[in-house]
Amino acid sequence: MAAESRTAKSLKNSTVALGFYFVNLILQFFSRKIFLDHLGAEVLGLNTTATNLLQFLNLAELGIGSAIACTLYRPLFDRDTAAVNEIVSLQGWMYRRIAWVVIAGAAALMCFFPWIFEKMPLPLWYAYASFGVLLVSALLSYFVNYKQIVLSADQKEYKIQYSYKASMLVKTLCQIVAIKYFDNGYVWWLALEVGFAVVASVALNAVIRRTYPYLRTDLSAGKTLSRKYPDVITKIKQLFFHKIGGFALTQTSPIIIYAYASLTLVALYGNYMLIILGITSLMGAVFNSMNAGVGNLVAEGNKERIMSVFEELFSVRFLLSCTVCFGVYMLTPAFITLWIGPEYVLDDLTLGLMVATLYITLMRYTVDAYINAYGLFSDIWAPVVEASINIGMSVLLGWFFGLHGILAGVLLSLLIVVFCWKPYFLFRRGLKEKLRIYVRMYVKHGLLVSAVSVVVYLIHGLLSFDPTAGIGSWLIYGIVVIGIFWFLLFGSLYITVKGMRGFTFRISNIVKHFSL
């Protein structure tokens with residue numbers, strides 16, 4: 001019954017997250033188009049670079065949120081409200097200290113803006129204003145919004161969507177209108193960014209108060225609580241190194257591209273990354289709500305069920321990851337052409353490297369969800385190696401091969417650390433099973449998708465669609481090609497893989513329950 005409850009909660013969170021995801025995706029594409037048309041690629045590239053710089057400062061967060069989340073699973077499972085209050089109070093105390101570090105770091109960083117943005121053909125105040133506005137939004141998460149971790153750990157993320165994310169959608173819509181119809185559109189964009197960050201924070205905390213009326217934080221007790229929960233402090237120290245690896249993966253490429261090229265190339269790369277991040281967010285909307293369920297499952301301690309759910313999640317994520325990666329590779333050039341013009345299309349090798357990176361990024365989260373649930377963060381050398389390979393090889397290969405070399409450096413770091421090391425670490429330290437179980441699982445899935453890819457390639461040669469003829473042709477082409485790929489891969493997985501059959505039966509039982 002507990003497993004059914006976890007699945008039902010995950011489905012509710014996923015459904016709500018998917019709804020908000022698709023609305024946000026449409027608004028983001030319209031917003032980027034309006035941004036390019038009315039403000040230009042240089043301002044868009046500046047905005048992307050400012051975001052990357054802020055993410056660098058956010059390394060000071062140290063992984064506190066992840067450490068708190070995995071610590072909350074047990075007291076939430078046991079309904080220990082006193083422990084929940086103490087753990088969230090500890091988080092608030094640490095976040096308050098981190099916020100001042102971020103403020104000091106931001107002030108120091110802005111002193112170097114005249115040199116950082118020396119090549120920028122815009123007034124320097126654009127850089128200061130963009131960075132300052134994004135900084136205010138980030139600081140609200142430290143000072144005000146930190147309590148949302150309880151909603152996430154308690155499988156109630158849909159309430160975050162209804163409050164905070166809904167406010168962000170309205171903000172994006174208002175920014176589109178302001179840029180298109182008002183003078184000084186970028187000034188309006190900045191003002192709306194700050195205003196709605198405050199509104200969203202107020203709405204989110206109102207929901208938290210209604211959902212957890214017992215939640216009372218005492219930040220003054222933070223130092224005492226840090227001694228009471230030493231495991232949290234240990235996990236935070238370990239997670240800091242993992243944050244470095246994550247930053248190197250997601251945030252350094254635009255900075256390196258800018259160093260070798262221009263803000264315009266950053267904007268072109270950003271157009272593709274908007275699609276890649278959109279796909280990543282889509283998968284996050286489907287699966288992230290299951291992370292708390294995995295944590296709850298691990299807290300329960302049923303090893304047979306833990307492995308069974310792992311196989312199910314691996315199979316369904318493999319199906320969706322392969323399908324969306326195939327779709328991105330086949331449809332992105334035509335979409336870019338129809339969206340903003342053929343002059344913004346990058347070459348096939350660049351797209352292939354980005355899709356390969358996307359695949360490993362999407363597939364890693366099944367392993368990562370279990371690593372987080374077990375609190376396995378002691379491999380602090382792994383993110384250091386990942387970041388070193390990522391940045392070092394991106395800089396080296398970028399010097400010789402430009403954008404291709406930068407992306408190859410990112411992919412190499414993922415293959416070594418994420419694809420090879422992380423599964424070994426989980427099976428050895430968390431699941432305590434033989435790694436060959438995972439290897440057999442992956443080989444079987446890999447052979448199936450290879451066979452399906454060959455069949456789809458042969459079928460694709462018989463199609464006569466021109467996806468660049470118009471949005472209608474693009475949609476029909478996408479539905480046919482992706483539909484064939486998904487149907488063949490799902491059918492082959494269902495027939496041959498126990499995990500896919502188990503997940504399908506689980507979902508069908510939930511649907512039957514709600515239809516009665």
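Reading the features

Q: Which helix holds R440?
A: A helix here is a DSSP run of H or I with at least four residues, a strand is a run of E with at least two, and both are numbered from the N terminus. R440 lies in helix α19, residues 435-460. This is a predicted model, in which local features need pLDDT of at least 70 and side-chain atom pairs count only at pLDDT 80 or more, while totals for chains, interfaces and linings use all residues. Residues are numbered from 1 along each chain as its sequence is written, and side-chain values use heavy atoms, with hydrogens and water left out.

Q: Is R440 buried or exposed?
A: Buried means under 20% relative accessible area, exposed means over 50%, and partly exposed is in between, with a 1.4 Å probe and protein chains only. R440 has a relative accessible area of 52%, so this residue counts as exposed.

Q: Which residues gather with R440 in a patch of positive charge?
A: A patch takes residues with over 30% relative accessible area and no salt bridge; like charges are joined within 9 Å, and nonpolar side chains (Val, Leu, Ile, Met, Phe, Trp, Tyr) within 5 Å. Lys and Arg count as positive, Asp and Glu as negative, and His and the chain ends are not counted. The place of a charge is NZ of Lys, CZ of Arg, CG of Asp or CD of Glu. In this structure K434, R436 and K444 gather with R440 in a positive patch on the surface.

Q: Which residues make the nonpolar surface patch?
A: Accessible areas come from the Shrake-Rupley method with a 1.4 Å probe, and for residues only the protein chains shown count as cover. V177, Y181, F182 and W188 make a nonpolar patch of about 430 Å². W188 lies in helix α9, residues 185-211. The relative accessible area of W188 is 41%, so W188 is partly exposed.

Q: How many salt bridges does the structure hold?
A: A salt bridge is a side-chain nitrogen of Lys or Arg within 4 Å of a carboxyl oxygen of Asp or Glu. The structure holds 6 salt bridges. In one of them, the side chains of K228 and E86 meet at 2.9 Å, N to O. K228 is in helix α10 (residues 222-228) and E86 in helix α4 (residues 81-110), so this pair ties together parts 142 residues apart in sequence. K228 is partly exposed at 49% relative accessibility, and E86 is partly exposed at 22%.

Q: Where do K303 and E433 lie?
A: Their side chains meet in a salt bridge of 3.7 Å, N to O. K303 lies in helix α15 and E433 in the loop between α18 and α19, so the pair ties together parts that are 130 residues apart in sequence. K303 is partly exposed at 43% relative accessibility, and E433 is partly exposed at 26%.

Q: Is K422 buried or exposed?
A: K422 forms a salt bridge with D379, and the closest N and O atoms are 3.0 Å apart. K422 is in helix α18 and D379 in the loop between α16 (348-374) and α17, 43 residues apart. K422 is buried at 7% relative accessibility, and D379 is buried at 2%.

Q: How many aromatic pairs does a search of the whole structure find?
A: Rings of Phe, Tyr and Trp (its six-membered ring) pair if their centres lie within 6.5 Å; planes under 30 degrees apart are stacked, over 60 edge-to-face, and the rest tilted. The search finds 31 aromatic pairs. F310 and F427 form an edge-to-face pair, 5.6 Å centre to centre with 80° between the planes. F310 lies in helix α15 (residues 303-339) and F427 in helix α18 (residues 403-429), so the pair ties together parts 117 residues apart in sequence. F310 is buried at 0% relative accessibility, and F427 is buried at 1%.
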